[in-house]
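Subject: Handing over the structure

Hello,

Here is the structure I said I would pass on. Please open it first, then read my notes below.

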Amino acid sequence: MHAEFVTVMYHYVREIQNSSYPGIKGLEFEGFQRQLDYLSSRYEIISADQLIACLTGDAADFPDNACLLTFDDGYRDHFDYVLPELVKRNLSACFFPPAKPIEDHTLLDVNAIHYILAVANDVEQLSRDLLDELRARDFSEAYLTECRDRLSEPSRYDPAEVIFFKRMLQRELPFELRSEITTSLFEKYVGKTEAEFSKELYMTTDDLKELIREGMYVGSHTYHHFWLNAVDAGTQEQEIDRSLQFLSRIGAPTHNWIMCYPYGAYNQETLEILRRKDCLLGFTTHVGNSILDPQRALELSRFDTNDFPQ
């Protein structure tokens, strides 16, 4: 069966303005409530079960105006703010937590970077601090200049200086080095250790079990939250296997299951691994309507929350 539907992607959802981190880029809770009003008035909010039934042929029909809600990264926001609101409205949604930060109380580099940027008053100074960290490790000026020129391009939501900072610490540098530098800058700017901050930021396994009991779907967002297209096939398979083991421990489905690619990143090796491991659906960060075609079901597009009124 081929069907078209809207998928909305969320990350931070909380009361931001009066919080300890008003600079974090997220969706105010009141904006989330208004957006649910808007989406519910124009679409039929569907569950993961309805989506899976449509693709497997177990459903007689599928709404013409279907909309699926997805929440990435396993934030405590999703338990404290999102879950009660969904339950109150009798709505279902999909949640995609990375396993390691929840089980080991570590902090994803991407989140450390978010909070460094949220508290830094001067992004140019932040970039200078990053470059000083690299100079102290004997990186050449020619290499640093080449990186600035190549990576400093604005994105849909961030200026060039922010993109340079993010890309250097998310992809450009070797994993252990970028983690080391990110930890150093996080403690300098945020003033907390990553371990204590992790316990504030992410849900627990008990929280995730409660999501499942309340009728929510919990799917895979890998183990470490790597860019899958930047690691080899063996590492990709380990990431997916360890995530599935985590899902099994919390009672989430591991048959006809749903994948959400960290950063929206994947390649053909990823798709081949997922097909072998009984994965039914995969969500990207490509912008647009989701097309439920069995041949393309592992490459579903999504809209960002910012694409709709709030």
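Predicted model: local features only at pLDDT ≥ 70, side-chain atom pairs only at ≥ 80, totals over all residues.

Glu44 sits in strand β4, residues 44-45. Residues are numbered from 1 along each chain as its sequence is written, and side-chain values use heavy atoms, with hydrogens and water left out.

Glu44 is partly exposed, with a relative accessible area of 37%. The classes are these: buried is under 20% relative accessible area, exposed is over 50%, and partly exposed is in between, using a 1.4 Å probe and protein chains only. Glu44 touches Gln50, Pro63, Asn65, Ala66 and Cys67, leaving aside residues up to four places away in sequence. Contact means heavy atoms within 4.5 Å. His78 is 34 residues from Glu44 along the chain, and their C-alpha atoms are separated by 21 Å.

**Helix α3**

His78 is one of the buried residues of α3; the others are Asp77, Phe79, Val82, Leu83, Glu85 and Leu86. Helix α3 covers residues 76-89, which makes 14 residues. From first C-alpha to last it reaches 20 Å, close to the 20 Å expected at 1.5 Å a residue. That expected span is 1.5 Å times one less than the number of residues.

Where is the kink in α3? It lies at Val82, shortly before the proline Pro84, and is about 40°. The bend at a residue is the angle between axes fitted to the seven residues ending there and the seven starting there.

What do the buried residues of α3 pack against? Their partners are β2 (13-14), α1 (29-42), β5 (66-72), β6 (94-96) and α11 (205-213).

Asn90 follows α3. It lies in the loop between α3 and β6. Its phi is positive, about 60°, although Asn90 is not a glycine. At 71% relative accessibility, Asn90 counts as exposed. Asn256 is another non-glycine with a positive phi, about 50°. Asn256 is in the loop between α12 (233-250) and β8 (257-260).

**Towards the end of the chain**

Thr284 is in the loop between β9 (279-283) and β10. Is Thr284 buried or exposed? Thr284 is buried, because its relative accessible area is 0%. Its contacts, not counting residues up to four places away in sequence, are Tyr261, Gly264, Tyr266, Glu299, Leu300, Ser301 and Arg302.

Ser301 belongs to the loop between β10 (290-292) and β11. Its relative accessibility is 14%, so Ser301 counts as buried. Beyond four places in sequence, Ser301 touches Thr7, Phe283, Thr284, His286, Val287, Gly288, Asn289 and Ser290.

Asp307 is in the segment after β11. It is partly exposed, at 31% relative accessible area. Asp307 and Val8 are 299 residues apart in sequence, yet 8.7 Å apart in space, C-alpha to C-alpha. Asp307 touches Arg156, Tyr157 and Val287, again not counting residues up to four places away in sequence.

The largest pocket holds about 1200 Å³ of space. Of the 40 residues that line it, His11, His114, Tyr157, Asp158 and Lys166 are the closest to its centre. A pocket is an open set of points on a 1 Å grid over the protein atoms alone, where a 1.4 Å probe fits, with protein on both sides within 12 Å along at least five of seven lines; lining residues have an atom within 4 Å of a point. Points are joined across faces, edges and corners, and a volume is the space filled by probe spheres set on them.

β1 (3-10), α5 (109-119), α8 (160-172) and β11 (303-304) each supply at least two residues of the lining of the largest pocket. α8 gives the most, with five residues.

The second largest pocket has a volume of about 290 Å³. It is lined by 18 residues, with Leu107, Leu108, Asp109, Phe175 and Ser179 nearest its centre. α5, α8 and α9 (175-189) each give this lining at least two residues. The largest share, four residues, comes from α9.

Best wishes
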